[in-house]
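Hi everyone, thanks for coming. Let me put the sequence and the model up on the screen, and then I'll walk you through it.

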Amino acid sequence: MALKIHKGANAFKGEKQTVVTIGTFDGVHAGHQKIIKRLVGAAKIENLESVIFTFFPHPRMVLQKESGLKLINTIEERTEILEKTGIDHLVVHPFTQQFSRLTAQEFVRDILVNRLKAKKVIIGYDHRFGRNRTADINTLKQFGEEYGFDVEEITKQEVDQVAVSSTKIRNALLEGRVEKANSYMQSPFSLTGKVVKGRGLGKEFNYPTANLNIEEDYKLIPRNGVYVVCSKIDGKRYFGMMNIGTNPTVGGKDQTIETYFFNLDQDLYDAELKIEMLVRIRDEKKFDSVNALKIAMKQDEAFSRQYIKDNYAQ
């Protein structure tokens, strides 16, 4: 059965009773995968439909706007990853100030029970919900007795065994440690956007680049620097090197995301690209001359090609 996506709890239309888990699932990391596996397994054993109830925007983006939170995945990227997990339903509920004011009982009764038809809820030991996040898993278990659903707790020990969190992934990316972030997520971090016209400087250096424009201002961009990357273009995988930064050597000021693909001679303007980030080569720096920059780019290319040869033998 293909994943059914519902825009809000009111749009949910399931045929059976359900097993539900709740969370933002940013990064869909190893800890999330463990919960999802349990969700899918429980649904099969108990003849229920599996439901992930998630939010957009992220609650902190609504309740703590000053936090400037950036997310590992756009909502489209998150959906794409969850489509491969075997769940039956993804409910993306709009997180608003009004929604945040629902009491714990209103949330359980009106959404979990009446809308999502929950027969079982699988949730972490430290999950909190309801207005001001005052309700905890014990409250949920009490509601379960009242409304006729089971609560399966993911224990502290199980959570600690995974030792991964979305915060750890964000921090790794902000430090440029994409390999570490990728190991946490068990898949490469990616940037998705449209290729737009740049200043054309790469072409002058014999490194024509695809300039990626990312519309979602909440998407986390890793630390400035040079990275080895890959992308699937017209069904074929191409490797390359990406520079995130301001191009200080040539007087740039605005941050750009530019990728030079190896062995690709194709006009990519207006193409939608998903570019996976594999490893960081170095910091972006201001060189004393354009010639010094060109030498560094040659070294970056040599490193990239060797890395690809060592890790992705073709």
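I'll go from the domains to one strand and its neighbours, and then to the rings.

A quick word on the source: this is a predicted model, where local features need pLDDT of at least 70, side-chain atom pairs count only at pLDDT 80 or more, and totals for chains, interfaces and linings use all residues. Residues are numbered from 1 along each chain as its sequence is written, and side-chain values use heavy atoms, with hydrogens and water left out.

Domains, then. The chain splits into domain 1 (4-166) and domain 2 (188-312), with bounds that come from an automatic or database domain assignment. Taken over C-alpha atoms, their centres are 36 Å apart. Across the boundary, 12 residues of domain 1 are in contact with 10 residues of domain 2, contact meaning heavy atoms within 4.5 Å.

Now please find strand β5, residues 118-124. Helices (H or I, at least four residues) and strands (E, at least two) are DSSP runs here, numbered from the N terminus. Of the 7 residues in β5, 6 are buried, that is, under 20% relative accessible area, while exposed means over 50% and partly exposed in between, with a 1.4 Å probe and protein chains only.

Which strands pair with β5? Strand β2 (residues 18-22) runs parallel to β5 and is joined to it by 3 bridges; pairing takes at least two DSSP bridges between two strands. Val-20 has Val-121 of β5 as its bridge partner. Strand β6 (residues 150-154) is also parallel to β5, with 5 bridges, and there Ile-122 stands opposite Glu-152. From β5 the chain passes through α6 to β6, a right-handed β-α-β crossover: with the strands pointing away from the viewer, the path from the first strand over the helix to the second runs clockwise.

That brings us to the rings. The whole structure has 14 aromatic pairs, where rings of Phe, Tyr and Trp (its six-membered ring) have centres within 6.5 Å, with planes under 30 degrees apart called stacked, over 60 edge-to-face and the rest tilted. One of them is Phe-143 with Tyr-147, tilted at 6.3 Å centre to centre and 40° between the planes. These two are 4 residues apart in helix α6 (residues 137-147), so about one helical turn separates them. Phe-143 is buried at 11% relative accessibility, whereas Tyr-147 is partly exposed at 24%.

Elsewhere, ring pairs link Phe-53, Phe-55, Phe-95, Phe-99, Phe-107 and Phe-129 into a cluster.

That's my tour, thanks!
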